[in-house]
Amino acid sequence: MTEVSFAKTFLTSLDSRPANLSPDHVEDARNFPARPPYILPRMPTEMSRPLGGGAHGPAPGQERSVTVTLRSLRNPPLDIKLAAQALGTSLLDVKQAAAARARIPADKLKILYNKRPLPDSKVLSEVLGDDPPTAVVFSLMVIGGAAAVLPEEAAAALEVDDGLSVKAKKGAAAVEQPQFWTDLNGFLMQRVKDEETAAELTTVFKNAWESNKAKP
């Protein structure tokens, strides 16, 4: 007897027997034997709860921060330390803070990391990755060298205009300041993540503002 004929004979004999369960049979759960709930035994020693901070990360409600150091080994030599910078801080804000310390216009500074220039639109968390260190050192390139450093009188003139602080101006007077458009361009770079698009939008807003002022 070949294997095929044996299989046919075996299946024929199974078909002649009555089926104990139908294909759509569903057992009534009430007929199942009752089982008591299983309770895990107590541990011999209770596990300690993790404390906030340390290796487990910051406590709830606390944002991680990083100490940023900017160094320029060339002329002029700079060593600027910015403590407790939030990971959401943009490189534009870091650059502006360094510019205020070094009396150098922000557009004359370029931040480098691992010998690569970084765009102002990035934030610290994007540069440092998922596991950021507590301190980071950036290289700082000064365009124009020592000639870019402003004297103290010129640096003070950037903060004060006609005896009135630029930051204190409001309304249309604040829009007339160049710092307003610089801040707007930095904000747009953080949102669109592209320097050319941010510059184009800033130009559109500025032209629209000037054309609106020119209307009688």
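The model is predicted, so local features need pLDDT of at least 70 and side-chain atom pairs count only at pLDDT 80 or more, while totals for chains, interfaces and linings use all residues. Residues are numbered from 1 along each chain as its sequence is written, and side-chain values use heavy atoms, with hydrogens and water left out.

The chain holds 7 helices and 7 strands, taken as DSSP runs numbered from the N terminus (helices: H or I, at least four residues; strands: E, at least two). Read from the N terminus, their order is α-β-β-α-β-β-α-β-α-β-β-α-α-α. Of the 216 residues, 25% are buried (under 20% relative accessible area, 1.4 Å probe, protein chains only). The accessible surface is about 16,600 Å² (Shrake-Rupley method, 1.4 Å probe), and 56% of this surface belongs to carbon and sulfur atoms. Among contacts (heavy atoms within 4.5 Å) between residues at least 6 apart in sequence, 57% join residues at least 24 apart.

Attention now turns to the pocket. A pocket is an open set of points on a 1 Å grid over the protein atoms alone, where a 1.4 Å probe fits, with protein on both sides within 12 Å along at least five of seven lines; lining residues have an atom within 4 Å of a point. The second largest pocket contains about 250 Å³ of space, a volume filled by probe spheres set on the points. Its lining includes Arg71, Arg74, Leu112 and Met141. Strand 1 (65-72) and strand 5 (135-142) are the elements that give two or more residues to this lining, and strand 5 provides the largest share, 4 residues.

Methods: Buried means under 20% relative accessible area, exposed over 50%, partly exposed in between (1.4 Å probe, protein chains only).
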